[in-house]
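Hello,

Here is the structure I promised to pass on. Please have a look, then read my notes below.

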Amino acid sequence: MADRTGHRTVPDTPRRSENRYGNRPTMKDVAARAGVGLKTVSRVVNGEQGVTPETERRVQEAIDSLGFRRNDSARVLRKGRTASIGLVLEDLADPFYGPLSRAVEEVARAHGALLINGSSAEDPDREQELALALCARRVDGLVVIPAGDDHRYLEQEIRAGVALVFVDRPAGKIDADVVLSDNFGGARDGVAHLIAHGHRRIGFIGDMPRIHTAAERLRGYRAAMEDAGIPVEDSWMSLGITDPLRVRKAAEEMLRGPSAVTAVLTGNNRVTVTVIRVLAEQTRQVALVGFDDIELADLLHPGLTVVAQDAAALGRTAAERLFRQLDGSLIVPDRIELPTRLIARGSGELPPSD
């Protein structure tokens, strides 16, 4: 295209916005599109009375056309509640926490609340950072699986009205609701089961000793051996990180020498998986009871005998207590301990090989 002077011209084109995502539509935009006042839009958005069906239809059409979404942050300032709770897990990849997280989410949903979760990766500093970040976003409450042993950093949040429940492990240095499994009793039952099938040299491989669940399961192991009058050798016990190399080394050391164990209690599902691999390489049968059930445990040969926790019940109980705190019906912190269940599938019923 050329002008009268013969110079080529280019039609004007609108410049692209610097913000590729644009701006979110507001209630003012909805009101302008529908030809109504802001108060009318507010009533429609919040489901309040006082709007004629025809006006509500126009407002809803404007909302749909613009893609408007209510700003819940503004509602927080007015009502003091966000209808959201936080869940601080140890490891999102651990299968144990899947049913627990889902149960918390279902309870939250039943109360009209959103669940926001994150992982501490068993790092106390990361746990604190994540918990306080959730509080800064004004969650109404927290369900925490603690990595650390000092939770005084949450005292100010509790005073500010944040509900708090610990699950799987107790809080450190503060009084707070806690929901636990009977780790001591479950481990004692697992070892007693092996003893009942003739074993005397029984090993225990667990998680890091500073972790409450690991310490309680070791205590249960020791109690069962003591109840049966069986002296425990130091070489039969190993606690540490659940890294497969560490666990493999511990298992292999227990399985050789004159005091080699004939049975093993594993302290959690990650340890169990590694020990199963080690035992598959052995020329002799070794009995095994795992703490925590694992997927496909019944398809192994023999099937895996386990001390099973109810992870969903842990999450559900913790979340229900959290919402009871929020509605004011719980005042004094309590400690709830849920039972475990021994499931015999074959591996824990093998007799001693010598």
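**Around T305**

T305 sits in strand β10, residues 305-308 (helices, H or I of at least four residues, and strands, E of at least two, are DSSP runs numbered from the N terminus). This is a predicted model: local features need pLDDT of at least 70, side-chain atom pairs count only at pLDDT 80 or more, and totals for chains, interfaces and linings use all residues. Residues are numbered from 1 along each chain as its sequence is written, and side-chain values use heavy atoms, with hydrogens and water left out.

T305 counts as buried because its relative accessibility is 0% (buried is under 20% relative accessible area, exposed over 50%, partly exposed in between, with a 1.4 Å probe and protein chains only). Its side chain reaches the backbone nitrogen of R345 at 3.0 Å. A polar atom of that side chain also lies 3.0 Å from the backbone nitrogen of G348. Beyond four places in sequence, T305 touches residues including H193, L288 and E349 (contact means heavy atoms within 4.5 Å).

**V286**

V286 is in the loop between α11 (269-280) and β9 (287-291). At 7% relative accessibility, V286 is buried too. E105 is 181 residues from V286 along the chain, and their C-alpha atoms are 40 Å apart.

Best wishes

How values were computed: A polar contact is a pair of N or O atoms within 3.5 Å; within protein, one must be able to donate a hydrogen and the other to accept it, and residues adjacent in sequence count only if both atoms are side-chain atoms.
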